[in-house]
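Please have the sequence and the coordinates open while reading.

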Amino acid sequence: MIDIDPEESPRARFAYELRRHRLAAELTQKQLGRRIGFSTSAVAMVETSKFRPSERFAELCDEVFGLDGVMTRLYAEVWPPPPPVPAHFRDWAVEEQRATTLRSWEPILIPGLLQTESYSRRIFEREPGITPEQVEQRVTGRMQRKTILSRNNPPMLMSLIDEGVLHRPVGGPAVMREQLEHLLEMARHPRVTIQIVPYSAEALPGLLGACIIAEMRGNPYTVRVESQPRGRTVTDRSTIAELVSRYDAVRADAYPQHLSCKMIEEVVKQKWT
């Protein structure tokens with residue numbers, strides 16, 4: 001039996017409370033699974049904080065245990081509704097919120113979690129056929145995604161950015177100056193690391209596209225890969241292993257954070273002031 005510390009995280013508290021109420025009801029995992037329509041293994045994995053239950057799972061547990069929405073409220077604390085993002089991005093938005101570490105590589109644009117509102121808006125405005133309402137919805141969704149970095153227990157964000165991104169004139173000088181100054185500010189966040197990959201490194205293993213790797217306690221479990229016309233979320237273990245290897249190859253040529261910040265400062269002074 002795995003001991004769960006309920007103070008470790010909201011996710012751990014959900015697991016702890018599920019087991020506590022099940023034992024108080026004198027039910028085995030198999031019996032609880034039958035009553036709520038889930039497998040014994042699913043119940044076991046939720047109780048050990050290895051599996052993300054559905055909201056319906058929490059609601060049914062409340063019914064079986066005779067609780068007044070206790071498990072449902074705990075569920076909402078651990079897995080809040082994803083931000084308003086396009087349908088093809090919703091699965092990733094959920095995974096992004098539950099990750100303990102996010103490792104991103106971006107050869108073209110500033111990573112979404114580090115973008116300013118003005119920078120994001122300019123990106124969405126240039127999409128062919130998009131309406132002003134859709135632009136605002138997507139900007140709102142992107143800004144809401146960023147709130148994971150202001151949580152009590154935010155994920156580690158390790159971001160690799162190609163040097164060329166600092167020079168790409170998205171929105172003009174004012175937008176770029178604000179954006180790069182925001183990068184410098186975020187680099188002071190205790191859970192954020194920003195590293196610039198210089199032109200001289202070539203970064204050839206990563207030039208086919210951006211990606212962001214979600215990890216849970218150091219183990220990669222899903223990756224978002226960007227491509228035209230829209231990206232995809234990858235869960236195949238062999239593909240994830242290959243993408244992690246490519247990420248590591250790019251990172252090996254990146255500047256450490258203190259040198260990366262100096263480069264950003266120089267670009268702001270020389271090009272965007």
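Which residue forms a salt bridge with Arg121?

## A pair between helices α7 and α8

The partner is Glu136, whose salt bridge with Arg121 has its closest N and O atoms 2.9 Å apart; a salt bridge here is a side-chain nitrogen of Lys or Arg within 4 Å of a carboxyl oxygen of Asp or Glu. Because Glu136 lies in helix α8 (residues 132-145) and Arg121 in helix α7 (residues 117-125), the pair ties together parts that are 15 residues apart in sequence. Glu136 is partly exposed at a relative accessible area of 37%, where buried means under 20%, exposed over 50% and partly exposed in between (1.4 Å probe, protein chains only).

## Basis of the model

This is a predicted model, in which local features need pLDDT of at least 70 and side-chain atom pairs count only at pLDDT 80 or more, while totals for chains, interfaces and linings use all residues. Residues are numbered from 1 along each chain as its sequence is written, and side-chain values use heavy atoms, with hydrogens and water left out.

## Pairs involving helix α1

A search of the whole structure finds 12 salt bridges, one of which joins the side chains of Arg22 and Glu47 at 2.5 Å, N to O. Arg22 lies in helix α1 and Glu47 in helix α3 (residues 40-47), so this pair links parts 25 residues apart in sequence; both Arg22 and Glu47 are buried.

Definitions and conventions: Helix = DSSP H or I, 4+ residues; strand = E, 2+ residues; numbered from the N terminus.
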